[in-house]
Amino acid sequence: MIMSPYLLFYGDCRPALDFYSDVFRASVKEIITFQDATAFMDLPVSKENGSLVFKGVLEFQHEGSMSTLVMADSPALLFSGFSGSRGIRDNISLMVRFSDPDGLKIVFGQLAVGGKVNVSLKETGSGQLTGSVIDRYGVCWLLEGL
């Protein structure tokens, strides 16, 4: 079994995909728009919502391992009367562990631009570097050294 986090956005998934691919040096492996998805699903897609991201996949490779992050604009945006929030997503945090302290510091700094630092980077009692930041898209990241 393979499990991947799936983050939902409210109309800003495409810039978030670009942002995370830059920050984490990840590859954008797939972008399917809601308009594209009408070829295999019965969706009420307006011209205005057709370019929203139905599914976007980022692939991360590091030291021989690979992981993915799946992202999309919320399907709720397709339905009239939706009044979703772009606020902080307080029901999920993503943890990223780094073997390189300098890489951790760089990623932390990039995620903090336009976001909010929850816990500044600091060393724990065991000498591990750790910190937490909410990025400009409202996603909470927990970063720590190995």
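Which residue in strand 8 does threonine 130 stand opposite?

**View 1. Strands 7 and 8 pair in the antiparallel sense.** Glutamate 144 in strand 8 stands opposite threonine 130. Five bridges link strand 7 (residues 129-134) with strand 8 (residues 140-145). Strands are DSSP runs of E with at least two residues, and helices are runs of H or I with at least four, numbered from the N terminus; two strands pair if DSSP finds at least two bridges between them.

**View 2. An open sheet of four strands has the order 5-8-7-6.** The pairing is mixed. Strand 5 (93-98) and strand 6 (116-123) lie at the edges with a single partner strand each, so one side of each lacks a neighbour in the sheet. From one strand to the next, the twist averages 10°. Helix 3 (residues 101-112) packs on this sheet, touching strands 5, 6, 7 and 8, and its direction makes about 15° with that of strand 7. Contact means heavy atoms within 4.5 Å; axes are lines fitted to C-alpha atoms, for helices over the stretch in contact, with angles from 0 to 180 degrees between N-to-C directions.

**View 3. Strands 3 and 4 run antiparallel.** Seven bridges join strand 3 (residues 53-62) to strand 4 (residues 65-73). Valine 57 has valine 70 in strand 4 as its bridge partner.

**Notes.** Residues are numbered from 1 along each chain as its sequence is written, and side-chain values use heavy atoms, without hydrogens and water. In this predicted model, local features need pLDDT of at least 70 and side-chain atom pairs count only at pLDDT 80 or more, whereas totals for chains, interfaces and linings use all residues.
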